Amino acid sequence: MGFRLGYDAAVARKQPQPPPPSRWPIRIAAGGFFLAEVAVLAGAASPFRLPKEAVALTALCGAVALAVLLAAQRRTIVLPGGRLALVLIALPVLQLVSALWSASPLRSVDSALLAFIWVAGILWLATLGAGGRHGLFVAAAVGAACSVLVMLLQLAGVAVFDFAAPFTNARLSLTGLTGNPADLAMASVLLVPFLLTWGEASSRRWFFRALAILFALATLISQTLTGIAALGLVMLVWLVQRRSRRLWTTVAALGALVIAIGLAAGLGDRLQREASRVRTGNWYRLFSARGDGWTAAQQMIHDHGALGVGAAAYTHQYYPSRLAWLTKNGSTGGRDEVASHFQWAHCDPLQIIAELGIPGVLWMVLFGWAVIAAGPRAGPILPLTAAAAAPFLLLHYPTHVAVGLIPIGLCLAHTIASDQLQQSIDWHRARVPVVIAAVVLAAAGAFWQLRRVAVDVWMGGLELRLSMVQNQDPETRARMGTAVESQILPRLGRLGVDGPALWRTLGRARLLRRDAASAESAFRTSFAGWPHEDAEFYLGLSLNAQGRRNEAVAHLSRVCRTNPRLVDLIADDSLQRTLREILDTY
């Protein structure tokens, strides 16, 4: 008997063991997550958010395709299961279907494809072991820490980036590597739950605790009240989970120190301003003009309630909806800055209702039910992440930017994995066509992201060239306008959702060379493709340049009603006075 057992053990040792799973997909995703926190393309139209999204999506495309290829080699594939996975899969399908009635079908299709990549990435993350997801979290956290360090340099007076337009206040200049202090605070706070849970199980706890303190400090220095509220909720939930008096004392001491540093960096002045607004009932300023986005969404729900305006069509319908709400309520906008447009509603649930209507409401109910049902098995990370995300979901847009989606996606992947409903399937048939399809789709997705970035850099360059000659002599402006127009015309029909924005740039180039009639045509074409404030504003200017004063006043009074600060951009003093008189009558 003993001889037999020894023989069996020897045979087992001689049998070839399956190779350990390759970590290259994880390395690709980790590199993408790190770069998504730090990527900046100076001079692009969207120098911060688009490069981050593009690099994260490209990394996910490559990682998922390579994971499928490796699964085909092993002849075994692991598929996640559970209610939450099914609900996530339903989202891009719903977005794609909404293109049938969308106010901007191309945007809806683009949104569905982007969501498909994110969902595929989350489902792949759910098939990894806990160690793999921890490594991806560390990559994102290190990238976010780099962004925070850049913000600290800016706080010290170091000009890290050369921005063409001045900031309306010193706080907004604290961009870090995310683009604005609110995005930086969101990127920081959403990673804190992982530091407090996964970091505690690490042998390098000091490192994760230092990062948690750094992110808390960054949130306070950014003076982002939404971030401060989210951070407070996270710490409260964590302390309740731990139930340790010693921990309460330690956190209180460290919190007092961090708050003192934040107050010294300007947080105290921000709190005093907001307290004054509360006392005077100035809720519009308290919420930083978010009411513009909320009222536009409210109008969309009123006008398109059953099915919504279509996925990602909020930005397309923002201006007409905001104008309709102001007209219905007999009021004017109250922005303190020239920027008028809202790409997102600054309330993700409200935007889902505005874009997807009743189907969107049902999807959110199913999503909430699936998350709550998985809660007991997901451990402490799920309630902590929910506490961190809730204020941003209601007052910001974490599901629209990569620095928000990466930590949310990691938490959802962990929650799906905790259901333990994964299926390991022997894969013998159709491996070659599936692998080919995965590689082709991944290559197409990566090329799409590269093209988005290239177009954005090109369009940003055009805008920069136009702005550089604004104060030059007429001959120089005319030459630049002609040069920009010669670049735009051959590409106008090939840029899809970017077409209307390109028509606006073309109109501005024609205004530079004093061809107001051709500029009018460009702005009308742009407005027909995307009813944007800038298109109507410049349309009014081009009509005024042709001497068609009444038509110009009709258009300019509409757009300046949404933001009276736009009147300051008009050089014609007589036209300015006329518009101010009209706005005073509203």
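Student: How many helices and how many strands does the secondary structure of the protein come to?
Tutor: Good place to start, and note that this model is predicted: local features need pLDDT of at least 70, side-chain atom pairs count only at pLDDT 80 or more, and totals for chains, interfaces and linings use all residues. Residues are numbered from 1 along each chain as its sequence is written, and side-chain values use heavy atoms, leaving out hydrogens and water. Helices (H or I, at least four residues) and strands (E, at least two) are DSSP runs, numbered from the N terminus. On that basis the protein has 24 helices and two strands.

Student: What radius of gyration does the protein have, beside that of a compact globule?
Tutor: The globule rule is 2.2 Å times the number of residues to the power 0.38, and the radius is taken over C-alpha atoms. For 586 residues, a compact globule would come out near 25 Å. The protein agrees with that, at 26 Å.

Student: What are the rough dimensions of the box that the C-alpha atoms fill?
Tutor: Picture the box laid along the principal axes of the protein. Its sides are roughly 105 × 60 × 45 Å.

Student: What share of the residues counts as buried?
Tutor: Buried means under 20% relative accessible area, exposed means over 50%, and partly exposed lies in between (1.4 Å probe, protein chains only). Among the 586 residues of the protein, the buried share is 48%.

Student: What part of the contacts with a separation of 6 or more joins residues 24 or more positions apart?
Tutor: A contact here means heavy atoms within 4.5 Å. Of the contacts in the protein with a separation of 6 or more, those between residues 24 or more positions apart make up 75%.

Student: What volume does the second largest pocket have, and which residues are closest to its centre?
Tutor: On a 1 Å grid over the protein atoms alone, a pocket is an open set of points with protein on both sides within 12 Å along at least five of seven lines, a cavity is a set where a 1.4 Å probe fits but cannot get out, and lining residues have an atom within 4 Å of a point. Points are joined across faces, edges and corners, and a volume is the space filled by probe spheres set on them. This pocket holds about 1200 Å³. Its lining has 46 residues, and the closest to the centre are Val-64, Ala-65, Val-68, Ala-120 and Trp-124.

Student: Which elements give two or more residues to the lining of the second largest pocket?
Tutor: By class, this lining has 35 nonpolar (Ala, Val, Leu, Ile, Met, Phe, Trp, Tyr, Cys, Pro), nine polar and two charged residues, where Asp, Glu, Lys and Arg count as charged and the others, Gly among them, as polar. The elements that each give two or more residues are α2 (24-38), α3 (49-74), β1 (76-79), α4 (83-98), α5 (105-127), α6 (130-155) and α18 (431-468).

Student: How many charged residues are in the lining of the second largest cavity?
Tutor: This cavity, of about 40 Å³, is lined by Arg-49, Lys-52, Thr-178, Asp-183, Val-401, Ala-402 and Val-403. Three of the lining residues are nonpolar and one is polar, and the number of charged ones is three.

Student: Where is Arg-75, a residue with positive phi?
Tutor: Most residues other than glycine have a negative phi. Arg-75 has a phi near 65°, and with a relative accessible area of 39% Arg-75 is partly exposed. Its place is the loop between α3 and β1.

Student: And which loop holds Ala-430?
Tutor: Ala-430 also has a positive phi, about 60°, although it is not a glycine. Its relative accessible area is 45%, so Ala-430 is partly exposed. Ala-430 sits in the loop between β2 (423-426) and α18.

Student: Why does Val-455 count as buried?
Tutor: Val-455 lies in helix α18. Leaving aside neighbours within four places in sequence, Val-455 is in contact with Leu-495 and Asp-498. Val-455 counts as buried because its relative accessible area is 11%.

Student: What distance separates the C-alpha atoms of Val-432 and His-400?
Tutor: Val-432 lies in helix α18 and is exposed, with a relative accessible area of 59%. Val-432 and His-400 are 32 residues apart along the chain, and their C-alpha atoms are separated by 35 Å.
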